[in-house]
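User: Hi! I am new to protein structures and would like to learn how to read one. Could you take me through it feature by feature?

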Amino acid sequence: MKNTLVRWLDSDVGHSFRTSPMAIVAALIAFVCVFCSVFAGWVAPHNPFDLATLNLGDARLPPAWMPEGRGTYPLGTDDQGRDILSALIYGARISLVVGVASVVLSVVVGVSFGLLAGFKGGWIDAVLMRLCDVMLSFPAILVALLIAGVGRALFPNAHESLAFGVLILSISLTGWVQYARTVRGSTLVERNKEYVQAARVTGVAPLRIMRKHVLPNVMGPVLVLATIQVATAIITEATLSFLGVGAPPTSPSLGTLIRIGNDYLFSGEWWITVFPGAMLVLIALSVNLLGDWLRDALNPRLR
């Protein structure tokens, strides 16, 4: 593990990372957010989902530095007496899980379709690309809103895992298109190169050629796109939750917390919505900055 890290730091990408203060700061912010989300049970000062610990008498308390604030609630409380800091940590975990899972699903579907369309060509390429055109003709947020709404209508009493599955599927439904088009374009270039022709002449099966030879050489743009799309997926999830068709109310994400706080924004309890909004911006910004750095690091022309 240590030798692998040393080799990576000595590589061109590692050197680019070490010499980029923006990338280092963004990576640190993203690491802190992910670490706190994964270990929320140990990091969060309270469990906002434990009803036995909630006290409505502590509802809408301001942050600790304000006159009526308490040290036990550093960022104040919401309308149910939940600690805002703890709710942010648990809510960020839900947003990150949904965002990463939807991007992984989009990558698997999009890369598979793009690789198949670019390598096979013909009617397969035509059908898949027309499907991409159809998907691109609809706004992504409206498609996600439609799928999430239909899923909630069909399964009104569904378990939380099924609700999250519908949410991930709704975000992934349009996300795979960009990967498919990107991989198809790269595959059209790679399939005519000498190493692919040599593999064909030696009798290597087409599926093995795509998996072993073409796929590793088209993953560079996919990694960059996936990094940036994680932030987009998190914002999409927050938007759906803000509209009331995202994460279940019993497991609120950052979007749900913003929606709850929006009802109290003009009554003076600004911290209920401002801090979840700031957390969402911080996560999305750090991931986007990492994506911009990765794009430059993997492009030899920009080094």
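Analyst: Happy to! Gln229 sits in helix α10. Keep in mind that this is a predicted model.

User: Is Gln229 buried or exposed?

Analyst: Gln229 counts as buried, because its relative accessibility is 14% and the cut-off for buried is under 20%.

User: What secondary structure does the whole protein have?

Analyst: The protein has 12 helices and 0 strands. Read from the N terminus, the elements run α-α-α-α-α-α-α-α-α-α-α-α.

User: What are the dimensions of the C-alpha trace, and what share of the residues is buried?

Analyst: The C-alpha trace spans about 75 × 50 × 30 Å along its principal axes. Of the 303 residues, 42% are buried.

User: What should I know about nonpolar side chains?

Analyst: The general idea is that in soluble globular proteins, nonpolar side chains tend to be buried together. In this model, the largest nonpolar core has 50 residues, and Leu88, Leu254 and Ile283 touch the most other members. The elements that give two or more residues to this core are α5 (84-120), α7 (140-154), α8 (160-190), α9 (194-201), α10 (206-242), α11 (254-262) and α12 (271-297). Of these, α10 gives the most, with 13 residues.

User: Which residues does Leu88 touch?

Analyst: Not counting residues up to four places away in sequence, Leu88 touches Leu75, Leu254, Leu257, Phe275, Pro276 and Met279. There is also a second, separate core of 8 residues, which includes Met129, Cys132, Val177 and Ala180.

User: Now for helix pairs. How are two packed helices described?

Analyst: Two packed helices are described by the angle between their axes and the distance between the axes. Take α5 and helix α6 (residues 122-136): they pack at an angle of about 140 degrees, with their axes 7 Å apart. The two helices α5 and α6 are therefore oblique to each other, and α5 passes α6 in a left-handed crossing.

User: Which residues make the contact between α5 and α6?

Analyst: From α5 come Phe113, Leu116, Ala117 and Lys120, and from α6 come Gly122, Ile124, Asp125, Leu128 and Met129. By type, the residues of this contact divide into 6 nonpolar, 1 polar and 2 charged.

User: Can we try another pair? At what angle do α3 and α12 pack?

Analyst: Helix α3 (residues 21-38) and α12 pack at an angle of about 135 degrees, and their axes are 8 Å apart. Helices α3 and α12 are therefore oblique to each other. Here, α3 passes α12 in a left-handed crossing. On the α3 side, the contact is made by Met22, Ala23, Ala26, Ala27, Ile29, Ala30 and Cys33. On the α12 side, it is made by Met279, Leu282, Ile283, Ser286, Leu289, Leu290 and Trp293. The residues of this contact divide into 13 nonpolar, 1 polar and no charged.

User: What about phi angles?

Analyst: As a general rule, most residues other than glycine have a negative phi. Arg60 has a positive phi of about 55 degrees although it is not a glycine. To find Arg60, look in the loop between α4 (40-43) and α5. With 40% relative accessibility, Arg60 counts as partly exposed.

User: How far apart are Leu223 and Leu298 in sequence and in space?

Analyst: Leu223 and Leu298 are 75 residues apart in sequence, and their C-alpha atoms are 9.6 Å apart in space. Leu223 lies in helix α10 and is partly exposed, with a relative accessible area of 45%.

User: One last residue, please. What does Arg200 touch?

Analyst: Arg200 touches Phe119, Arg191 and Ile209, not counting residues up to four places away in sequence. Arg200 belongs to helix α9, and its relative accessibility of 37% makes Arg200 partly exposed.

Definitions and conventions
Residues numbered from 1 in each chain as written. Predicted model: local features only at pLDDT ≥ 70, side-chain atom pairs only at ≥ 80, totals over all residues. Heavy atoms only, no water. Core = buried A, V, L, I, M, F, W, Y, C linked by side-chain atoms within 4.5 Å. Buried < 20%, exposed > 50% of the residue type's maximum accessible area, 1.4 Å probe, protein only. Helix = DSSP H or I, 4+ residues; strand = E, 2+ residues; numbered from the N terminus. Contact = heavy atoms within 4.5 Å. Axes fitted to C-alpha atoms, helices over the stretch in contact; angles between N-to-C directions. Parallel < 35°, antiparallel > 145°, perpendicular 65-115°, else oblique. Left-handed = near helix turned anticlockwise from the far one by under 90°. Nonpolar A, V, L, I, M, F, W, Y, C, P; charged D, E, K, R; others polar.
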